[in-house]
Structure formats: C-alpha cells, structure tokens
Amino acid sequence: MADQTLELTVTVPDPDRLDRWLTANVDELSRNRVQKLIDWEHVQINGQLCTNKKTAVQVGDRIRLTIPAPRPLELTAEAIPLDILYEDEHLIILNKPAGLVVHPAPGNLSGTLVNAILAHCGDQLLGIGGVQRPGIVHRLDKDTTGAIVVAKTDLAHSDLQAQMKAKTARREYLGLVYGAPKTNSGTIDAPLGRHPADRKKHAVVPLDKGRTAVTHWQVEERLGNFSLLRFRLETGRTHQIRVHSAHMGHPIVGDPTYGTGRDVGVNLPGQALHAERLELRHPATGETVVAIAPLPEHFLKLLTVLRSRSV
C-alpha cells in the first residue's frame, strides 16, 4: 500500500480547530490519529506546514493531508480457521473457540486470533495507529468461547473502544456454575485486582487496591447441583465473571484457576463460560449490530448430561 495524499478545501464558514475539522471531513481517521499526523508534519495549510492541532481553519483554506501507508505488523499471518458471525469493511465479529489466545505475547507469538485475522483480512486492515493490524477492542480468556469484535480501521477501533468505556456495547455470557443460587437474579459489585499471594490470579480486593467491577446475573436453568447463569457485564475486568462467580460461592464449572476441580463427567477444555451475545452500534452506519454465538459442542454435551441427571 502506498502513501495517500488528500487535497481538501474548507467550505463551511464556522471556524474550527484543525484536528476537529480533519476528523469530521476524513473518513476512517480517529481524532487521535489525526492529531498524530499533525504532530508528525503530515499536514499543510495553504502550502505551509502546520504542526499545531489547535490552528483555526477558515473558509477557503486549502489543506493537504498525507496519510502514510500502514506499516506491516511484525507478526506472521497464519491461516487459522475462523467462525465468522459478522463482517464488513469496518469490523469483524467472530465466534472464538476454546484454546485460542486473542493477542500475541512474549513466548506466544503465533497461533493467536491476531495471527488468524492478519491472514484472513490482509490489506483490508487499513491501519490502526499507523500499523497494519487488527484492532483488539476487548478480549476473551484463552478457554472462554464466543463472540468477540475486532476493528479493521482506526476509526472503528476508536469508536468501539468508546462504546465499551461508555457501557453502551452490551455483552452477555452463559456460564455453568456449581450449586444453586438462592435467588433468580442479582448483581455482584466487588472491586477486582491482583491476587495478593498469586500474581497470576485476580481476586476481590479493597477498592483502593483494585478497580470497580460490576456483574449482573440471572438463572437461566436449574440443573440439580448446577445452574446455568446468564451474565451481563457492566465493566470488563480481567477474569471478571470467573472471579465474581467464585466470590458468590458458585464457581464456573471446569475453571482450572478459580473452580473446585470436581469431575463433571464431561471432558472440558477449560471453564464452561461462553460469550453468547454481543450488541453494539456500528461505528460507520450507526445501526445496531447484534451477534449471537452458538454454544460450542463441549458446552452442549455438558448441558445434555446434566439435564439427564436432574430429571
């Protein structure tokens, strides 16, 4: 991909800051990205270099913007099969399987969702922060299955992150837990942070040592000594549902870190937790997008076994 140069003319009489005007008039660029391009000397006004994002533009100003070609991400694209729930030029929503890590990390630079998307999308990735990469908006634990959205453009990435922060994007999970809650619904409002004795784990901690975490839950089905719960996240902390479930006395079945370790008669790849529903506002059209991820085979098998036992 080559650098892109845009020649623009200000026609609206109301003066505005340069960064705001460019953000409003150039598709697929977030304000943060526009500000960086100004800082990096990629903007001219009437033939003169401008590096001040607060410069007021006037009617008749000729603005020249150069958008450098996205730099390739220094990761290998890998043709890993993807279960696609929704896709267009702005974003992709996938049904992530158990065992697939979302993002590369030291010692784990291959076989991830990012490697798979690099192969699937190729040059459809228009660059996020100047790098040709998928925009990870939120994550799912390695063995948590279900719907996850990934941005293809800088604007989509910025918009979707804002939706997550504003809590307007809705995420609902199905989880099978040990035991039977006394009520049919409830809310867990308990701060989360690093476990004081095990840095690989998270735990409910005092607010001054962690971050606010709120999980809403309701019983979908009672199965003897087990219950199928629907969880709705108000915040998105690491291991939030898993830690909160254990905290309320009903850990997720099959959870190797926060669970009981009891055998349930079905071979599970990890915790029985599935991101079933994802609802968001499309960053380009404003329309509501709802993705429903079917339960994986191991989860369905477990439900069948437990239902037969509870008859």
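This dialogue walks through how to read a predicted model of one protein chain, from its overall layout to single residues.

Reader: What should I keep in mind about the origin of the model and its numbering before reading any value?

Author: The model is predicted, so that local features need pLDDT of at least 70 and side-chain atom pairs count only at pLDDT 80 or more, while totals for chains, interfaces and linings use all residues. Residues are numbered from 1 along each chain as its sequence is written, and side-chain values use heavy atoms, with hydrogens and water left out.

Reader: How many helices and strands does the chain have, and what percentage of its residues count as buried?

Author: Helices (H or I, at least four residues) and strands (E, at least two) are DSSP runs, numbered from the N terminus; here they come to 6 helices and 20 strands. Buried means under 20% relative accessible area, exposed over 50% and partly exposed in between, with a 1.4 Å probe and protein chains only; of the 311 residues of this chain, 46% count as buried. Along the principal axes, the C-alpha atoms fill a box of roughly 75 × 40 × 40 Å.

Reader: What are the counts of salt bridges and of residue pairs in polar contact between the two domains?

Author: A salt bridge is a side-chain nitrogen of Lys or Arg within 4 Å of a carboxyl oxygen of Asp or Glu, and the count between domain 1 and domain 2 is 0. A polar contact is a pair of N or O atoms within 3.5 Å, where within protein one must be able to donate a hydrogen and the other to accept it, and where residues adjacent in sequence count only if both atoms are side-chain atoms; between the domains there is 1 such residue pair, with both residues at pLDDT 80 or more.

Reader: Which residues of helix 2 are buried, and against which elements do they pack?

Author: In helix 2 (residues 31–39) the buried residues are R33, V34, Q35, L37 and I38. The buried residues of this helix pack against strand 2 (16–17), helix 1 (18–25), strand 3 (43–45), strand 6 (62–67) and helix 4 (154–166). Helix 2 is followed by E41, whose phi is positive, near 65°.

Reader: Why does I45 count as buried, and how far apart are I45 and I63 in sequence and in space?

Author: I45, in strand 3, counts as buried because its relative accessible area is 11%. I45 and I63 are 18 residues apart in sequence and 4.6 Å apart in space, C-alpha to C-alpha, and the residues that I45 touches include L18, C50, V57 and I63.

Reader: Is helix 5 mostly covered or mostly uncovered, and why does R242 count as buried?

Author: Helix 5 (240–247) is mostly covered, with 6 of its 8 residues buried, namely Q240, I241, R242, V243, H244 and S245. R242 counts as buried because its relative accessibility is 5%, and among the residues that R242 touches are D141, D255, Y258 and L273. Just after the helix, G249 takes a positive phi of about 90°.

Reader: Which backbone oxygens lie at 2.8 Å from the side chains of H250 and S227?

Author: For H250, in the loop between helix 5 and strand 19 (273–281), a polar atom of the side chain lies 2.8 Å from the backbone oxygen of Y178. H250 counts as buried because its relative accessibility is 12%. For S227, in strand 18 (residues 226–233), the side chain reaches the backbone oxygen of G179 at 2.8 Å, and S227 counts as buried because its relative accessibility is 0%. The residues touched by H250 include V177, G179, A180 and P181, and those touched by S227 include V177, G179, A180 and P181.

Key: Contact means heavy atoms within 4.5 Å. Lists of a residue's contacts leave out its neighbours within four places in sequence.
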